[in-house]
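Subject: Handover of a structure and notes on its features

Dear colleague,

Please find below the structure that I am handing over to you.

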Amino acid sequence: MIVQLYIQGERVDMFEEESISISDSIQNVRDIGKIFTSFSRTFSVPASKENNKIFKHYYNSDIDNGFDARIRKKATIEVNNMPFK
């Protein structure tokens with residue numbers, strides 16, 4: 001199974017041994033809209049040249065207009081080259 005992460009259309013480099021684990025679980029059976037909920041465990045990405053470009057050198061807080069982790073960005077996950085959900 002090949003899992004790829006894209007942030008604003010840019011493919012994020014992943015560690016060879018790192019994987020993205022996604023689980024579907026039952027959350028609240030009293031609210032039919034919240035029965036099945038997807039969640040992902042935390043994972044790390046390497047500080048590669050591509051990732052530094054995507055995350056605007058996030059490790060360096062002195063950069064003006066850098067990547068702000070508090071603001072949501074459009075991201076997609078693909079499993080075997082097919083969009084996940």
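In these notes, contact means heavy atoms within 4.5 Å. With that term in hand, leaving aside neighbours within four places in sequence, Lys74 is in contact with Tyr6, Ile7 and Gln8.

Please note that this is a predicted model, in which local features need pLDDT of at least 70, side-chain atom pairs count only at pLDDT 80 or more, and totals for chains, interfaces and linings use all residues. Residues are numbered from 1 along each chain as its sequence is written, and side-chain values use heavy atoms, with hydrogens and water left out.

Overall layout

The chain has one helix and six strands; helices (H or I, at least four residues) and strands (E, at least two) are DSSP runs, numbered from the N terminus. Read from the N terminus, the order of these elements is β-β-β-β-α-β-β. Of the 85 residues in the chain, 18% are buried. Here buried means under 20% relative accessible area, exposed means over 50%, and partly exposed lies in between (1.4 Å probe, protein chains only). Among the contacts with a separation of 6 or more, 53% are between residues 24 or more positions apart.

The aromatic pair

How many aromatic pairs does a search of the whole structure find? The search finds one. The partners are Phe55 and Phe67, in an edge-to-face arrangement with 5.1 Å centre to centre and 80 degrees between the planes. The two residues are 12 residues apart, and both are in the loop between helix H1 (49-54) and strand E5 (75-79). For such pairs, rings of Phe, Tyr and Trp (its six-membered ring) must have centres within 6.5 Å; planes under 30 degrees apart count as stacked, over 60 as edge-to-face and the rest as tilted. Phe55 counts as buried because its relative accessibility is 17%.

The nonpolar core and the pocket

Phe55 and Phe67 also belong to the largest nonpolar core, which has seven residues in all, the others being Leu5, Ile7, Val12, Ile20 and Ile54. A nonpolar core is a set of buried Ala, Val, Leu, Ile, Met, Phe, Trp, Tyr and Cys residues joined through side-chain atoms within 4.5 Å. Leu5, leaving aside its neighbours within four places in sequence, is in contact with Glu10, Arg11, Val12, Ile20, Phe43, Thr76 and Ile77.

The largest pocket has a volume of about 420 Å³. Of the 15 residues that line this pocket, Leu5, Ile7, Phe67, Lys73 and Ala75 are the closest to its centre. A pocket is found on a 1 Å grid over the protein atoms alone, as an open set of points where a 1.4 Å probe fits, with protein on both sides within 12 Å along at least five of seven lines; lining residues have an atom within 4 Å of a point. Grid points are joined across faces, edges and corners, and the volume is the space filled by probe spheres set on the points. Strand E1 (3-7) and E5 each supply at least two residues of the lining. By class, the lining has 11 nonpolar, one polar and three charged residues. Ala, Val, Leu, Ile, Met, Phe, Trp, Tyr, Cys and Pro count as nonpolar, Asp, Glu, Lys and Arg as charged, and the others, Gly among them, as polar.

Residues in the loops and the helix

Gln8 is in the loop between E1 and strand E2 (10-12), and its phi is near 50 degrees, a positive value in a residue other than glycine. Gln8 counts as exposed because its relative accessible area is 55%. The C-alpha atoms of Gln8 and Lys74 are separated by 5.1 Å, although the two are 66 residues apart along the chain. Lys74 is in the loop between H1 and E5 and is exposed, with a relative accessible area of 65%.

Asn81, in the loop between E5 and strand E6 (82-83), also has a positive phi, near 65 degrees. Asn81 is exposed, at a relative accessible area of 53%.

Glu50 is in helix H1 and is partly exposed, with a relative accessible area of 30%. Glu50 and Val12 are 38 residues apart in sequence and 7.1 Å apart in space, C-alpha to C-alpha.

Yours sincerely,
A colleague
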